[in-house]
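Please look over the sequence and the model below, then read on.

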Amino acid sequence: PGRVHAFIPKAMEICRRDEPPLMEAARALAQNDFQSAAPVLARHLEAYPNDVLALRMLSEAQARADRPDLAEQTLRRCLELAPGFTLARHSLGQLLNGMGRYDEALAEAEELVRRDPNNKGSQRLVAATQNNRGEFGPSLAIYEAHLRANPQQPTIWMAYGHVLKTVGRTEEAIHAYRKSVELVPGLGLSYWSLAN
């Protein structure tokens, strides 16, 4: 909630020009105007109740409105209709993480990896969820593998630093945070973590 999800630009690409309500809702969500997007999507879904793209967008609006219960219901409906809709499953995993339901979140993340073992976003969702569960070893292994494959990932360095700090590997955490701000000097959370 509160962040512009990467899904929204993709939704705008998917929406055809003859679907102005979805384009209008996608634009509103891209501007974090979830209050305008939700009624547009609700009206669209009255006419097309099985439109999984609109359902996914509605879940985003609901999550940003701090209604995770409704967002979860909407995402589960979306996945009933389209079990292979990976963006919806990823969103459900993120939502469940935010709700502190880590076992359920891990099940969704692992299902994503089962369906597409090479998907880096799904692997990172597993890492974040394992970290939330207090299983730091698997998180470290995933972040280390990603950084070996591509060390130019500032947010991965930052996430890696968080786990290193948690397990008491302070000097390595400092290095990871410094690496993240070296790559993106405006990464405020890394500066805060370094100061902390």
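The model is predicted. D66 sits in the loop between α4 and α5, the latter covering residues 68–81.

The backbone at D66 has a positive phi of about 60°, although the residue is not a glycine. Most residues other than glycine have a negative phi.

N32 is placed in the loop between α2 and α3. Its phi is positive as well, at about 60°, and N32 is not a glycine either.

Is N32 buried, exposed or partly exposed? N32 has a relative accessible area of 29%, so it is partly exposed; values under 20% would count as buried and values over 50% as exposed.

## The pair α3 and α4

Helix α3 spans residues 34–47 and helix α4 spans residues 52–64. The two pack at an angle of about 145°, and their axes are 9 Å apart. The crossing in which α3 passes α4 is left-handed.

Which residues make this contact? From α3 come F34, A38, L41, H44 and L45, and from α4 come A54, L55, M57, L58, A61 and R64. Sorted by class, the contact of α3 with α4 has nine nonpolar residues, one polar residue and one charged residue.

A26 belongs to helix α2, which runs over residues 20–30. Its relative accessible area is 0%, so A26 is buried, the cut-off being under 20%.

A26 and L41 are 15 residues apart in sequence, and their C-alpha atoms are 9.5 Å apart in space.

## The chain as a whole

The protein chain has twelve helices and zero strands. Of its 196 residues, 44% count as buried. Among contacts with a separation of 6 or more, 45% are between residues 24 or more positions apart.

The C-alpha atoms fill a box of roughly 55 × 35 × 30 Å along the principal axes. The radius of gyration is 18 Å, which agrees with a compact globule, because such a globule with 196 residues would have a value near 16 Å. The accessible surface of the protein chain is about 10300 Å², and carbon and sulfur atoms account for 52% of that surface.

How values were computed. Residues are numbered from 1 along each chain as its sequence is written. This is a predicted model: local features need pLDDT of at least 70, side-chain atom pairs count only at pLDDT 80 or more; totals for chains, interfaces and linings use all residues. Side-chain values use heavy atoms; hydrogens and water are left out. Axes are lines fitted to C-alpha atoms, for helices over the stretch in contact, and angles run from 0 to 180 degrees between N-to-C directions. Helices (H or I, at least four residues) and strands (E, at least two) are DSSP runs, numbered from the N terminus. A crossing is left-handed if the near helix is turned anticlockwise from the far one by less than a right angle, and right-handed if clockwise. Contact means heavy atoms within 4.5 Å. Ala, Val, Leu, Ile, Met, Phe, Trp, Tyr, Cys and Pro count as nonpolar, Asp, Glu, Lys and Arg as charged, and the others, Gly among them, as polar. The radius of gyration is taken over C-alpha atoms; the globule rule is 2.2 Å times the number of residues to the power 0.38. Buried means under 20% relative accessible area, exposed over 50%, partly exposed in between (1.4 Å probe, protein chains only). Accessible areas come from the Shrake-Rupley method with a 1.4 Å probe; for residues, only the protein chains shown count as cover.
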